[in-house]
Amino acid sequence: MASKPFTPEEARRIVQCLQTPAVFLNMSTDWPALHWTVEHLSTCLTERLRFRIGKRTEDMAPLFETECSYIEATIKEFLSWTANEDESLVGPFSDYHCKELWAYADYKYITQLFQDKPAMFQDVVWSDFGFPGRDGRDSTLWIGTQGANTPCHLDSYGCNLVFQIQGRKRWHLFPPDDTHCLYPTRIPYEESSVFSQVSVVQPDLKTFPAFRRARVHTVTLQPGQVLFVPRHWWHYVESVDPVTVSVNSWIEMDMDDEARVGEALTKTIVCALKSAPSLDNNDHWLNPTEDGVSSHDENMQYLNLAVKACMDKRRDDTVGMLSLADQPRAELRKRDSSGLLKTLASLTFVVPFGPHLIPVNLAHKPNCTCPKDLSMPVNCDLSQCQSTSQDEDESTSVNELQRWGQRAHQEEESPGTSGGGAGLHISTNDMLQFLIHPDVITLVTRLIMCRQRELHS
């Protein structure tokens, strides 16, 4: 068996140090999952899956999942549909013409699909990337036709490894600092997903003028390649071949604890406002991936549990650091393998880009540079609060909120924006755009955690 270009330890170190998307080559050459083509899966999976159906058009508005049709079908029926373009079919796809529409079985948990075939979990070998024990049980499966796409969004938790098996997918990625260029929204609401209001392949620049400044990175992922998507990178994904199959796994990160507080806060606000009887709330605001609307008491309970978990984690980290500080110098050297001195060494680590690791580069230079002095940090690290006093933390958060408001005011008054006119109607969804904007949620989360530390100090 040919050796891999990177050992598991090297691959994990690369993943931990990468700040931008990159593609790994020749890391999956011996993975059994390379044979998971639609033809193969049609013989393994006989249960019906839910397919999302959408039009093969590029509109100036994104096609959210709430606007799609849905059918239940087997992979064998899906395969027959894709192979018989000009013939009428019977069955679940009979009302849909594959030349005009696409189909997508997305976000399917492999642990549920193959619960009666657990040996197949081992076909996906994420341990080659330095994550021992991670395999198909920690992954999701995606099967689609040409044109099938996922609306542009960012994932609130972790980073992402994506293994392309059949066909090609084109990825459009944007850095976290471009969040304000992508007009984030939580309607439709899906836990841990922040959607963009912009159709990134056919943008309406009159309605969303700041998108001109967005820095898009594009890559077409080929079979056998693995894409690494860093935390909070926006991405729009579309299938470019007649049939595509891919598998991904979200890798948890330490900072996910604070992100769960923000997600719990977001869910509480969205459900409280959108569940209220109102003419504004007759829209399909809940994404089909959600099980239902939780009660306010349930959401508050989850918020408090998320805050407690985050506090406990930070307390454990602090105790661990203090115990290390009390160790003699010789003992600290012995404990280098635990990561203390390795962290210092990683600061000088150079990512080995080359024939087996390709960076996803900027597709084109944006029309103008993003205003760094007015940008709000999307992935603020609450650990920064620990090194300052409570008053300094709250002052920083308030100042950042003021700067965010100033930026919004400047963009509103800039030429070419569509914000002119007095007396415009503000809907519930409009209000939510501001109340649960990712930057606002980040700041409120920081204030909550700082207040908790003050109460427990």
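I count two strands as paired if DSSP finds at least two bridges between them, and I take helices (H or I, at least four residues) and strands (E, at least two) as DSSP runs numbered from the N terminus. The model is predicted, so that local features need pLDDT of at least 70 and side-chain atom pairs pLDDT 80 or more, while totals for chains, interfaces and linings use all residues. Residues are numbered from 1 along each chain as its sequence is written, and side-chain values use heavy atoms, leaving out hydrogens and water.

Sheet. I looked up the open sheet of six strands and found the order β9-β10-β6-β13-β8-β11, with antiparallel pairing. Its edge strands, β9 (184-190) and β11 (217-221), each pair on one side only. I then followed β8 (residues 169-174), which runs antiparallel to β11 and is joined to it by five bridges; Leu 173 has His 217 of β11 as its bridge partner.

Helix pair. I next took α5 (residues 256-274) and α12 (residues 438-456), which pack at about 110 degrees with axes 9 Å apart, the axes being lines fitted to C-alpha atoms over the stretch in contact and the angles running from 0 to 180 degrees between N-to-C directions. That angle makes α5 roughly perpendicular to α12 (the term covers 65 to 115 degrees). The contact (heavy atoms within 4.5 Å) includes Val 261 and Leu 265 of α5 and Ile 441 and Val 444 of α12.

Loop. Finally I checked Gly 354, in the loop between α8 (340-346) and β15 (357-359), whose C-alpha atom is 9.8 Å from that of Phe 24, 330 residues apart along the chain.

Notes: Parallel < 35°, antiparallel > 145°, perpendicular 65-115°, else oblique.
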